[in-house]
Amino acid sequence: MIIGTNKLGVRMIATPVDKPTPVNLAQHTYWNLRGHDSGDILSHTVQIFGSKITPVDDELIPTGEFQEVKGTPYDFLEPKEVGSQIHDLPGLYDVNYVLDPSSPQHLRKVAIVKDNVSGRKLELWSNQPGVQYYTSGMLKDTKGKGGATYHQYSGIALETQGFPDSVNHPNFPSMIVRPGQTYKHYMVYRFTAS
């Protein structure tokens, strides 16, 4: 839904029929603030309001641990260019950040993304405890709008969510929704330009 002149709201709701059900929905939109078919996002600046990640194994499955990001290539606590540390990783960002707590009456501030060429800025809030930060490192020659071809690093995805694989890690917030309960997932994007 459009909110005012510069916000986009996303609401996802689910209710189980008759059994406890794991529910962890995600919005997987790619963003390139420079615009459609405008190259990569490596010079976009990103700030993520999460001091920890849930590290993964070789098959990208969470290990169940929490790792502090400070001083690592995953440290986006202050704004940094996407490409500034990406080569210190196995080629991409595809990891869940544990979002820092906020007031329970308000949505959490998740991230800020800015493109200095266009001056466009995206801010994201959600009620979920995590965000999957993905820099499209596995995107290869994908045909898109108007015949454009999207390549590696053509977009950023910020997928607010519960922690992946939470059903197998009792120390992760539960994503089990029981009969009579309702899963509610809210996201608000705000777009501005300078």
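Modeller: What follows goes from the aromatic pairs to the sheet, and then to a few contacts and a surface patch. The model is a predicted one, in which local features need pLDDT of at least 70 and side-chain atom pairs count only at pLDDT 80 or more, while totals for chains, interfaces and linings use all residues. Residues are numbered from 1 along each chain as its sequence is written, and side-chain values use heavy atoms, with hydrogens and water left out.

A pair of aromatic rings is described by the distance of the centres and the angle of the planes. Here the rings of Phe, Tyr and Trp (its six-membered ring) pair if their centres lie within 6.5 Å, and planes under 30 degrees apart count as stacked, over 60 as edge-to-face and the rest as tilted. By this rule the count comes to 12 aromatic pairs. One of them joins Trp31 and Phe191, a tilted pair with 5.3 Å from centre to centre and 50 degrees between the planes. This pair links distant parts of the chain, 160 residues apart, with Trp31 in the loop between β3 (21-22) and β4 (45-48) and Phe191 in strand β16 (residues 183-193); strands are DSSP runs (E, at least two residues), numbered from the N terminus. Trp31 counts as buried at 18% relative accessibility, whereas Phe191 is partly exposed at 28%, where buried means under 20% relative accessible area, exposed over 50% and partly exposed in between (1.4 Å probe, protein chains only).

The rings of Tyr93 and Tyr133 have centres 5.2 Å apart and planes at 40 degrees, so this pair is tilted. Because Tyr93 lies in the loop between β7 (80-81) and β8 while Tyr133 belongs to strand β11 (residues 130-134), the pair ties together parts that are 40 residues apart in sequence. Tyr93 is buried, with a relative accessible area of 0%, and Tyr133 is buried with a value of 0%. Tyr93 and Tyr133 also belong to one aromatic cluster with Tyr74, Phe76 and Tyr97.

Strand β11, which carries Tyr133, is part of an open, antiparallel sheet of five strands in the order β6-β5-β8-β11-β14. At the edges stand β6 (67-68) and β14 (157-161), each with a single partner strand, so one side of each is left without a neighbour in the sheet. Two strands pair if DSSP finds at least two bridges between them; β5 (residues 50-54) and β8 (residues 94-99) pair in the antiparallel sense over four bridges, and Gly50 stands opposite Leu99 in β8.

The loop between β3 and β4 also holds Ser38, which is partly exposed at 25% relative accessible area. The side chains of Ser38 and Asn32 are joined by a polar contact of 3.4 Å, a term for a pair of N or O atoms within 3.5 Å in which, within protein, one must be able to donate a hydrogen and the other to accept it, residues adjacent in sequence counting only if both atoms are side-chain atoms. In the loop between β14 and β15 (176-177) lies His169, buried at 11% relative accessibility, and a polar contact of 3.0 Å joins the side chains of His169 and Asp165.
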